[in-house]
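Dear colleague,

I am passing on to you the structure that we spoke of, with some notes to read beside it. Please look through it first and then compare it with what I found.

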Amino acid sequence: MSDERASSDARLDRVNERIVRSRALILDVDGTLAETEEVHRLAFNAAFARAGLAWCWGRVVYKDLLRVAGGKERIRAFDRRLGGTSSLSDAEIAELHMTKTTIYADLMASGGCPLRPGVEALLNQARTRGQRLAIATTTSRGNIDALLGPALGRAWANRFVAIVAGDEVANKKPAPDVYLEVLARLDLSASECLAIEDSGIGLVAASRAGIPVLISRSAYFLDDDFSEALYVTDDLGMLNGKGVVEEGKLRGAL
Ligand SMILES: [Mg+2]
């Protein structure tokens, strides 16, 4: 076995051990649980059209705007980009965002957005292991419901001990606020938990809270800097302890 392969296997073993030994798994939502960003983009554009704005965010523009966390903040950032100062009032931005949220929920309810491979298995295995699950997200509680209701059933929230959404804290990611609030509600220290994120912004937020981070890369953030992450994968289904345990590599971890 080459040194490179051996080191990669050792890192895989370490992250699998971390997954099964953590007292709690703290999950980001958009991009991590499902590839929701395209649905968000379509909903933004539909809201702009409904408001009579001649705005249409293509994938390249939206990818750039994703550096700004939060829907209202994203609308303001784009508005400022056009004219230097924002031409929309706070009330107009709030109304646009409310329209977008309604359209997003309708799109999710009609077509849904499947969970990414390995996500449901990870949630089920965590429950079997007696681990606690939490959500730390910049998106709104309504958006989480729009995704997880169809995917996990109406009682989805019962699976999570703590759910902290963007509007419940002072500062959105990359600030650590959502993670610090989750830790407080779990009454656990950062090192007892594992955060699962898909973006550089999310990695920074969890890392600032002191929580080790597993990155499950999603379509819009493939080229972010993940050098601070514990491990980077494109497929959670290849991790979550199960496959490695079956191969007998994770001796004594369960
Ligand atoms: Mg995300």
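Predicted model: local features only at pLDDT ≥ 70, side-chain atom pairs only at ≥ 80, totals over all residues.

Residues are numbered from 1 along each chain as its sequence is written.

The protein chain has ten helices and six strands, which are DSSP runs numbered from the N terminus (helices are H or I with at least four residues, strands E with at least two). Of its 254 residues, 40% count as buried, that is, with 20 or more other C-beta atoms within 10 Å of their own, the C-beta atoms being placed from the backbone.

Helix α5 (residues 90-110) and helix α7 (residues 141-152) pack at an angle of about 5°, with their axes 9 Å apart; the axes are lines fitted to C-alpha atoms over the stretch in contact, and angles run from 0 to 180 degrees between N-to-C directions. That makes α5 roughly parallel to α7, a term for angles under 35 degrees.

Helix α9 (residues 200-208) is largely enclosed by the rest of the structure, because seven of its nine residues are buried. Among them are Ile-201, Leu-203 and Ala-205. Just after α9, Gly-210 takes a positive phi of about 85°.

Best regards

Technical notes. Parallel < 35°, antiparallel > 145°, perpendicular 65-115°, else oblique. Buried ≥ 20, exposed ≤ 12 C-beta atoms within 10 Å, placed from the backbone.
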